[in-house]
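Have a look at the model first, then read on.

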Amino acid sequence: MASSKALFLLCLTLFFSISISKTLLFPLTHSLSKTQFNTTHNLLKSTTTRSLARHHHRHSHQVSLPLSPGSDYTLSLTIGTNPPQPISLYMDTGSDLVWFPCSPFECILCEGKYEPSATFPPPKIPKNSTVKCKSPSCTAVHNSHSSSDLCAMAKCPLETIEISDCSSFSCPPFYYAYADGSFVAQLHKLSLTVPTSSSPALVLKDFTFGCAHTALGEPIGVAGFGRGLLSLPAQLATVSPQLGNHFSYCLVSHSFNPEKVRRPSPLILGRYDEEEKRIGDKKADFTYTNMLENPKHPYLYSVGLAGITVGKRNIPAPAFLKRVDRKGNGGMAVDSGTTFTMLPASLYDSVVAEFDRRVGRAHERAAEVEETTGLSPCYYYDEKVFEVPVVALHFVGNNNNSKLKSSVVLPKRNYLYEFLDGGDEGLRKKRRVGCLMLMNGGDEKELRGGPAATLGNYQQQGFEVVYDLDNRRVGFAPRQCSLLWERLSKSNR
């Protein structure tokens with residue numbers, strides 16, 4: 001009876017401490033090292049390569065983890081209480097686990113991937129905080145094994161497994177592989193503190209996370225915001241559904257230029273009243289599309305893409321982009337951890353053909369730039385303003401009515417990257433170049449077993465993107481994200 005009362009009081013304390021706020025606002029920071037990439041071509045090539053690798057690895061048995069250097073958005077949290085230790089993590093809607101490096105930490109082949117002086121040292125995690133092998137969290141992270149199998153792996157004796165009494169045995173370490181790296185981690189539980197724009201900070205007790213002592217090619221941890229049991233929103237929702245079941249972010253446009261990012265991108269947990277988010281006379285007008293279930297990748301935020309408009313021509317999407325079948329094929333994943341939008345080859349070729357028909361007749365194709373950046377098509381232009389057709393994405397309408405369309409018109413900067421090419425050691429004169437930032441994700445055969453397309457974070461810049469889990473929908477509204485941060489941070493003071 002006493003233990004039940006103590007449990008009730010603990011839950012009540014947790015609920016009260018969180019329910020005093022219907023919303024939480026905290027900053028996402030975007031950082032691009034000036035020393036990491038010596039040329040624009042090198043930066044773009046690295047970004048296109050990793051975007052493509054992340055997209056393709058969703059169709060294998062590996063886990064796709066971030067991120068393209070220079071295109072990541074990070075949030076800062078605090079783990080533990082004695083003492084509290086700061087951690088910085090990539091925010092990723094395309095995965096469902098929170099993990100980070102722990103001391104002692106060895107990162108293999110990580111040279112040049114990060115600046116140690118600009119990151120927090122790996123926190124020291126107590127050994128007695130491990131998750132037990134019978135825990136649902138252990139089963140979730142080892143999604144191919146039963147809890148009895150996991151306890152056997154943890155060397156729990158047979159007679160103890162039979163009576164479900166393996167409470168002293170820890171969940172076995174798990175292995176994640178991704179585009180060009182991997183890590184081994186173990187599940188732990190500690191208090192997680194989320195700093196907010198107003199006090200007091202939000203504290204989640206017994207927060208489950210992966211602690212990695214060894215990684216290959218991935219020196220920074222990840223805050224998974226996907227639809228799985230162990231994601232940050234899912235764990236938050238267990239004590240505060242109004243915060244965990246509705247979140248949004250608004251990514252400040254950066255054009256890979258750190259000097260353009262003077263304010264953080266707002267990450268909003270919970271629902272603000274639209275009047276609180278109004279900037280001047282402008283009220284957000286959201287376009288919604290329903291989430292689709294993906295049985296093979298249930299953590300993904302999948303939506304249906306009905307087509308793309310280039311100028312005045314509407315290009316219908318193939319049928320498999322509008323839905324997800326029982327094998328997990330099809331649909332489009334909305335992903336904050338992939339930089340550039342990936343399209344299936346048939347749709348990509350049609351979009352490029354129409355774009356080239358409109359632009360190529362007036363501008364020279366920059367074939368060498370295409371080779372060195374991984375983007376295509378690219379064009380040289382001499383005028384101050386490069387005129388290109390408007391590009392719009394048409395999602396399957398809300399309530400999954402395929403005859404209705406939810407349309408999102410992309411700003412030019414979201415699909416055309418403009419920069420100066422040449423001038424290297426006097427060999428070539430400087431010329432203005434513009435490149436389309438949509439990519440060929442592969443043909444239908446290559447895309448089996450996963451999403452047919454990915455909506456990358458570059459194309460999401462300048463929009464508030466809402467993940468409404470209560471109503472199972474994703475929404476988009478054009479915003480001035482830096483002004484939205486100012487507006488909301490002032491209202492929270």
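Four bridges connect S17 and S21, and these two strands run antiparallel. Two strands count as paired if DSSP finds at least two bridges between them. Helices (H or I, at least four residues) and strands (E, at least two) are DSSP runs, numbered from the N terminus. This is a predicted model, in which local features need pLDDT of at least 70 and side-chain atom pairs count only at pLDDT 80 or more, while totals for chains, interfaces and linings use all residues. Residues are numbered from 1 along each chain as its sequence is written, and side-chain values use heavy atoms, with hydrogens and water left out.

**The sheet and its helix**

- S17 and S21 belong to an open sheet of three strands, ordered S17-S21-S20 with antiparallel pairing.
- S17 and strand S20 (416–421) are the edge strands, each with a single partner, so one side of each has no neighbour in the sheet.
- On average, neighbouring strands here are turned by 30° against each other, direction ignored; axes are lines fitted to C-alpha atoms, for helices over the stretch in contact, and angles run from 0 to 180 degrees between N-to-C directions.
- Within the pairing, Tyr381 has Arg432 in S21 as its bridge partner.
- Helix H9 (residues 345–359) lies across S17, S20 and S21, at about 15° to S17; contact means heavy atoms within 4.5 Å.

**A disulfide between two of these strands**

- A disulfide is a covalent bond between the sulfur atoms of two cysteines; here the rule is a pair of cysteine sulfur atoms within 2.5 Å.
- Cys378 and Cys435 form such a link, with their sulfur atoms 2.0 Å apart.
- This pair links distant parts of the chain, 57 residues apart: Cys378 is in strand S17 (residues 378–381) and Cys435 in strand S21 (residues 431–436).
- The torsion about the S-S bond of Cys378 and Cys435 is about 110°, so this disulfide is right-handed.
- Both Cys378 and Cys435 are buried, where buried means under 20% relative accessible area, exposed over 50% and partly exposed in between (1.4 Å probe, protein chains only).

**Other disulfides**

- By the same rule, the count comes to seven disulfides.
- Cys156 and Cys166 form one of them, with sulfur atoms 2.0 Å apart.
- Cys156 lies in the loop between helix H4 (147–153) and helix H5 (158–162), and Cys166 in the loop between H5 and strand S5 (174–178), so the pair ties together parts that are 10 residues apart in sequence.
- The link of Cys156 and Cys166 is left-handed, with -85° about the S-S bond.
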